[in-house]
Amino acid sequence: KRPAGAPDKALARKVTKVGVIGAGLMASQFALLFARRLKVPVLITDLDQARVDAGVERIRGEIQKLADRGRVNPDEANRLRATISGTTDLADYANCDWVIEAVFEDLGVKRQVFANVEPHLSPEAVLATNTSSLSVDDIGAELAHPERLVGFHFFNPVAVMPLVEVVNASKTDEATLSTAMVVAKNLRKNAVITKDAPGFVVNRVLAKVLGEAMHAVDTGTPFEVVDHALDPFGLPMTPFELLDLVGLQVGAHVLDTHHAAFPDRFFDSANLHALADAGVLLDKDDKGAVKGFDKRALAIVKK
Ligand code: 3HC
């Protein structure tokens, strides 16, 4: 007997070619993961050739790191290099049966990328969004086939974090959900099916933690004090290291989404927006080790 809510595996569609939309940090990380684990061709695209080239370069750098550390052998490294290619022409996505986006967290932008790619795809192709907190229903509202859209939310760093949230939007059909679960399993991720609610599950909790930490700073407790106050919990990163990892813009957006949905439960932080605009928080050495808070970040919050 199937566990309640689990889709029928027999309905899962075969994925023979992956299309990634967005060639930024997150998209590059999962493009490589798809190539490694599904062993199918992976296409990436972005707004212009320069961004596509930068994404391909970033992926090649990661392949080299894997090869240098002996995590992939030379043949596998070559296979990966040959498997992932960049394009600016969405017509190249025609044979993709799994298309996933990780573009800027803006509803209009996400709708537009799907509107651009959908006419090139077969009606059976699955569309997935890696949105961190936008509504999957809203993203799919203008699709010709909203039943093939599913949320597929990875966590940073993609290669290491074991979880994927599979967001079952109100129109997602069982074949799409089933495909997403099988894809997650083949990526060797633990998948949980969540409702299409602000922040799904993980970012709802994260917004609470980071929002409270930021609010403590906003109301006068120094950054360093707040950052180490959670040490007793033994988390792998302090709250502000985590904020730095997810990115200040993404973090501010996640907090905004939650504040808009539940104004009595989540804070709005003008300081977080100012930090995100300035792009500063932690001071790190060349190897990425944290030395402390950036002086400019401390000055922004003091104001
Ligand atoms: N890319 C690829 N691999 C990475 C990596 C990266 N960016 N960062 C670390 N790794 C790998 C290392 O290579 C190492 O692999 P190995 O064991 O095969 O050599 C392994 O991860 C452990 O790394 P380290 O020993 O260097 O470092 P730590 O033990 O300090 O662990 C960490 C690093 C796994 C990132 C840990 O600090 C951690 O779990 N942090 C919390 C991360 C987290 O909570 N992420 C979720 C953020 S929320 C989100 O992304 C959602 C979004 O919508 C906002």
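Me: What is the angle at which H7 and H10 pack, and how far apart are their axes?
Reply: In this predicted model, H7 and H10 pack at an angle of about 105 degrees, and their axes are 10 Å apart.

Me: Why are H7 and H10 called roughly perpendicular to each other?
Reply: Angles of 65 to 115 degrees count as roughly perpendicular. The angle here is about 105 degrees. H7 and H10 are therefore roughly perpendicular to each other.

Me: What makes the contact between H7 and H10?
Reply: From H7 come Asn203, Arg204, Ala207, Leu210 and Gly211, and from H10 come Gly251, Val254, Leu255 and His258. Residues count as in contact if their C-beta atoms, placed from the backbone, lie within 7 Å. By class, this contact of H7 with H10 has four nonpolar, four polar and one charged residues.

Me: Which domains does the assignment give for the protein chain?
Reply: Domain 1 covers 9–195 and domain 2 covers 202–302. Their C-alpha centres lie 28 Å apart.

Me: How many residues of domain 1 are in contact with domain 2?
Reply: Seven residues of domain 1 are in contact with eight residues of domain 2. On the domain 1 side, two of the touching residues are nonpolar, three are polar and two are charged.

Me: What surrounds the ligand?
Reply: The ligand has 16 residues around it, and the closest are Ser132, Asn156, Pro157, Pro236 and Val246. Helices H7 (202–218), H9 (239–246) and H10 (248–261) are the elements that each give two or more residues to this shell. The largest share, three residues, is from H9.

Me: How many residues of the shell around the ligand are nonpolar, polar or charged?
Reply: The shell has 13 nonpolar residues, three polar ones and no charged ones.

Me: How do you know where the ligand lies relative to domain 1 and domain 2?
Reply: Domain 1 (9–195) and domain 2 (202–302) both give residues to the shell, so the ligand lies between them.

Me: What makes Arg188 worth a look?
Reply: Its phi is near 65 degrees, a positive value in a residue other than glycine. Arg188 lies in the loop between helix H6 (174–186) and strand S8 (190–195).

Me: What does UniProt place at residues 17–196?
Reply: An unreviewed UniProt entry places "domain: 3-hydroxyacyl-CoA dehydrogenase NAD binding" there. In the model, residues 17–196 are 40% helix and 20% strand, with end C-alpha atoms 27 Å apart.

Me: Which UniProt annotation covers residues 199–291?
Reply: The unreviewed entry gives "domain: 3-hydroxyacyl-CoA dehydrogenase C-terminal" for that span. Residues 199–291 are 59% helix and 5% strand, and their end C-alpha atoms lie 31 Å apart.

Conventions:
Residues are numbered from 1 along each chain as its sequence is written. This is a predicted model: local features need pLDDT of at least 70, side-chain atom pairs count only at pLDDT 80 or more; totals for chains, interfaces and linings use all residues. Domain bounds come from an automatic or database domain assignment. Two residues are in contact if their C-beta atoms, placed from the backbone, lie within 7 Å. Ala, Val, Leu, Ile, Met, Phe, Trp, Tyr, Cys and Pro count as nonpolar, Asp, Glu, Lys and Arg as charged, and the others, Gly among them, as polar. A residue is near a molecule or strand if its C-beta atom, placed from the backbone, lies within 6 Å of it. Helices (H or I, at least four residues) and strands (E, at least two) are DSSP runs, numbered from the N terminus. UniProt positions are given in the numbering used here, feature names are shortened, and annotations may be inferred rather than shown by experiment. Axes are lines fitted to C-alpha atoms, for helices over the stretch in contact, and angles run from 0 to 180 degrees between N-to-C directions. Angles under 35 degrees count as roughly parallel, over 145 as roughly antiparallel, 65 to 115 as roughly perpendicular and the rest as oblique.
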